[in-house]
Structure formats: structure tokens, C-alpha cells
Amino acid sequence: MSDKAVITCSLNGVLTDPKQHHVPVTPEQMAREAKAAYDAGAAIVHIHLRDQRPDKGHLPSWDVSVSREIQQAIREACPGIIINHTSGTSGPNYQGPLACIRETRPEIAACNAGSLNYLKVKADNSWAWPPMMFDNSVEKIQDFLDAMKDAGTIPEFECFDVGIVRCVGMYVQTGMYAGPLEYNFVMGVASGMPADPELLPILLKLKRPEAHWQVTAIGRAEIWPLHQACADLGGHLRTGLEDTFYLASGEKVTSNGQLIEEIAGCARRAGREIASPEEARKIFGVLH
């Protein structure tokens, strides 16, 4: 168990619409929200890129210049903070995220470790969105791992289901990856692992024993017992406006800072201190 809990803030995500929610889009907004999270205890910020054109902030972007501007603004606002860059995209063309990683060299980047039918059903039994495949073939994963190795970037293996957790061990066994190992158990996607604290002991048995781990809990107020279980079991912690808009009380938030304050409370109730960015670098083996 790690005595210090590293907190990651997922600032904005790819699906959240800034016209409906308080998600940051511009470099200035990203820096402001990162600072609120940093001041509340976040050592890492996970960033997604949005289209910077007027009224287009709900659309994703893979513009390297946007990535550079956002990272620079965040680093100026939050000295020492660690950047965790998104890489997730569906379909055969993923040159944009590869370029962002190679050219901006973030300390950490998401490496989506397997494919998932990304589904959700509404109360009227219709699809919440057209059924889609979040495709992450072994060849695609290898391309991302190669780009991250070249950039000196540590992959954070995103695991949406139990079988994907097991796949990560195979990537190590076959020599696809060798280096600091970090799992992110993504729980709460309707077609993936549920946000159920009772699942955590099983996942911990299936991960590589030397690996660090954290939980991404997606949902509303019901996710907070999972965050507390993660803290109690020695995992690192993540929340932010990508994952939820709600505190344990059911109150809706307007800033990432409120969510980080809440999740820092989970660590403290578990008797753990919050890791600084410098301490997080040592824990995860971040070299730059």
C-alpha cells in the first residue's frame, strides 16, 4: 500500500458539452481549472483537447498547437504539476493523438488497453447514443506504446473491463511494454465494469503485483463509496468534471476544485496523506 495518495484531476473529458456544463475548453480556462484542482491537492491533471473555434468547444481536437498551448498554460499556473494526456479515439485514423504525444512529450498519457462496445440505454429503453465500438487493437496499442517510449512518456493503462486488466499483463509478458506500470480501472461505464466497490479485490488479484493502480469512477453521488474503497485499499485517486458533476451529498459542482477537495477527504479518512507533484513523480517513476 502506498502511504501517499496521488490525486489526478480529469479536467474536461471528450463528451461533456461546455454549453451544458462548466467544463473548460480554452487554455486560459484549462489553466484556471487546473489551478483550482492543484490548490485542492491534485498532483496530476488529465487533459482532453477541444476545438478552439467559437461555439465548437463540444468537439474534440488533435491539434498539436492546441495541446502545446494548454500544457504551457497549465504549467505556468501550477508549477511542477504532471500532465496526463488523452489518446483515446475510435477508428483507423489515430495519427492526431500519436502526434500530440510525440511532439509535446507529456509525462503520462492514457493508453487504452482494450476494445469496448461503448453503450448506454435510456429510461425509455432506447440507446442514449448510437452504439459505438471503442476499438483498441493490439496493433494500435503497440503504436501508442512505441510513441510513448520515444517521447519518454509513461502509459497509464485504461481498463474498462476485467478481461482488459488481464491483457495488460500479457503486454508485459510479450515484451510489448517494459517500464513503470500503472493501471486505471475505469468503472461505471454502462457496458463496462460497474462502479461497485466489491469488484476491487478481484481487480487487484488480476493486476501485475508490482503495478500502481487507481480508479476512474463514472456516475453521480453513488460513485463515492467506490472512491473511499479505493483509498482504503491503497489505490491512487482520480475525479474531475470528465467523470462526474456530483459530490457525495448529491450537490452538483461548478468546478474541478470542489471534486478534488471531496476526494482528498477520502484519502484522509483512510489515514493517508496527499502526495505533492514531486512525490508523485517519485512514486510513478516520472523522469521529466
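Is Cys167 buried, exposed or partly exposed? Cys167 counts as partly exposed because its relative accessibility is 24%, where buried means under 20% relative accessible area, exposed means over 50%, and partly exposed is in between (1.4 Å probe, protein chains only).

Before going on, some ground rules. This is a predicted model, so to speak: local features need pLDDT of at least 70, side-chain atom pairs count only at pLDDT 80 or more, and totals for chains, interfaces and linings use all residues. Residue numbers start from 1 along each chain as its sequence is written, and side-chain values use heavy atoms, with hydrogens and water left out.

Back to the cysteines. A search of the whole structure turns up 0 disulfides, a disulfide being a pair of cysteine sulfur atoms within 2.5 Å. Cys167 is in none, and the nearest cysteine sulfur, that of Cys159, sits 8.4 Å away. With 1% relative accessibility, Cys230 counts as buried.

Now for the charged pairs. The count comes to 10 salt bridges, taking a salt bridge as a side-chain nitrogen of Lys or Arg within 4 Å of a carboxyl oxygen of Asp or Glu. One of them joins Lys4 and Glu273 at 2.9 Å, N to O. Lys4 is in strand S1 (residues 4-5) and Glu273 in strand S12 (residues 273-274), so this pair ties together parts that are 269 residues apart in sequence. Helices (H or I, at least four residues) and strands (E, at least two) are DSSP runs here, numbered from the N terminus. Lys4 also meets Glu279 in a salt bridge, at 3.1 Å, N to O. Glu279 belongs to helix H9 (residues 277-284), and this pair links parts of the chain 275 residues apart. Shared partners join Lys4, Glu273 and Glu279 into one network. Lys4, at 25% relative accessibility, is partly exposed, and Glu279, at 28%, is partly exposed.

Another salt bridge brings Arg75 and Glu107 together at 3.0 Å, N to O. Arg75 is in helix H2 (residues 64-77) and Glu107 in the loop between helix H3 (95-104) and S5, so the pair ties together parts 32 residues apart in sequence. Arg75 is partly exposed at 30%, whereas Glu107 is buried at 4%.

Next, the open spaces. A pocket, on a 1 Å grid over the protein atoms alone, is an open set of points where a 1.4 Å probe fits, with protein on both sides within 12 Å along at least five of seven lines; lining residues have an atom within 4 Å of a point. Volume is the space filled by probe spheres set on the points, with grid points joined across faces, edges and corners. The largest pocket holds about 1400 Å³. Its lining has 48 residues, and Val14, Leu15, Tyr118, Ile218 and Glu242 lie nearest the centre. Strands S5 (108-112), S7 (132-134) and S9 (182-187) each give two or more residues to that lining.

The second largest pocket has a volume of about 310 Å³. Among its 18 lining residues, Met148, Lys149, Thr153, Tyr177 and Ala178 are the closest to its centre. Helix H4 (138-151) and strand S8 (154-159) give two or more residues each, and H4 provides the largest share, 5 residues.
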